[in-house]
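Please look at the sequence and the structure first.

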Amino acid sequence: MKKNIPKYGTITKEDFEAKKRSLKDRPFKIGDLQRAYDQTDDDFSNRLKALVLLASDAAAAFKSSEIDGNREWLTFILQNRQSRGRKLEFSLRFPFSKFAECAKTGEWR
């Protein structure tokens, strides 16, 4: 009994082998990508934890720092600092700007 298999075209044996190899290698490539994304997620989580820990203890660290240390803190948190007479104008660096926006609106996303 002969099956009616539609004929869409033919490929060479070399093309078939190349495609077969490509499909066999794909799970390994996906696994490598997944491991890279997992590492990136872990790095991001660790940095976020460090940032939250840093922010939770920032006031005490600032108060106990010397002038050079405080200058480093301000450089880390503030951008576009300008002095206009006795008034200091600045904007917050990211992510501190987002924290401030959330604090103003009372919404944390």
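By class, the lining of the largest pocket is made of 12 nonpolar residues, with no polar and no charged ones. In this count Ala, Val, Leu, Ile, Met, Phe, Trp, Tyr, Cys and Pro are nonpolar, Asp, Glu, Lys and Arg are charged, and the others, Gly among them, are polar. The model is predicted, and local features need pLDDT of at least 70, side-chain atom pairs count only at pLDDT 80 or more, while totals for chains, interfaces and linings use all residues. Residues are numbered from 1 along each chain as its sequence is written, and side-chain values use heavy atoms, with hydrogens and water left out.

**Overall layout**

The secondary structure of the protein comes to four helices and two strands. Along the sequence they follow the pattern α-α-α-β-β-α. Helices (H or I, at least four residues) and strands (E, at least two) are DSSP runs, numbered from the N terminus. Of the 109 residues in the protein, 6% are buried. Here buried means under 20% relative accessible area, exposed means over 50%, and partly exposed lies in between (1.4 Å probe, protein chains only). Among contacts between residues at least 6 apart in sequence, 8% join residues at least 24 apart; a contact means heavy atoms within 4.5 Å.

**The two pockets**

Rolling a probe the size of a water molecule over the atoms shows where empty space is left. The search uses a 1 Å grid over the protein atoms alone and a 1.4 Å probe; a pocket is an open set of points with protein on both sides within 12 Å along at least five of seven lines, and lining residues have an atom within 4 Å of a point. Grid points are joined across faces, edges and corners, and a volume is the space filled by probe spheres set on the points.

| Pocket | Volume | Lining residues by class |
|---|---|---|
| Largest pocket | about 210 Å³ | 12 nonpolar, no polar, no charged |
| Second largest pocket | about 180 Å³ | six nonpolar, no polar, one charged |

The lining of the largest pocket includes L51, W73, F76, I77 and F96. At least two lining residues come from each of α1 (13-56), α2 (58-64), α3 (67-77) and α4 (96-105). The largest share, four residues, comes from α3.

The second largest pocket is lined by F44, R47, L48, L51, F94, P95 and F99. Here α1 gives the most to the lining, with four residues. The peptide bond from F94 to P95 is cis, with omega near 10°.

**The aromatic pair**

How many aromatic pairs does the structure hold? There is one aromatic pair. The rings of F76 and F96 have their centres 5.6 Å apart and their planes at 75°, so this pair is edge-to-face. Rings of Phe, Tyr and Trp (its six-membered ring) pair if their centres lie within 6.5 Å; planes under 30 degrees apart count as stacked, over 60 as edge-to-face and the rest as tilted. The pair links distant parts of the chain, with F76 in helix α3 and F96 in helix α4, 20 residues apart.

F76 is partly exposed, with a relative accessible area of 42%, whereas F96 counts as buried at 14% relative accessibility. Leaving out residues up to four places away in sequence, F96 touches L51, F76 and I77. F96 and L78 are 18 residues apart in sequence, and their C-alpha atoms are 8.6 Å apart in space.

**The hairpin**

Strands β1 (residues 78-84) and β2 (residues 87-92) run antiparallel and are joined by five bridges. Two strands pair if DSSP finds at least two bridges between them. Within the pairing, S83 stands opposite L88 in β2, and R84 stands opposite K87 in β2. The two strands form a hairpin with two residues between them, and G85 in the turn has a positive phi of about 70°.

**A residue of α3**

Apart from neighbours within four places in sequence, N70 is in contact with F62 and S65.
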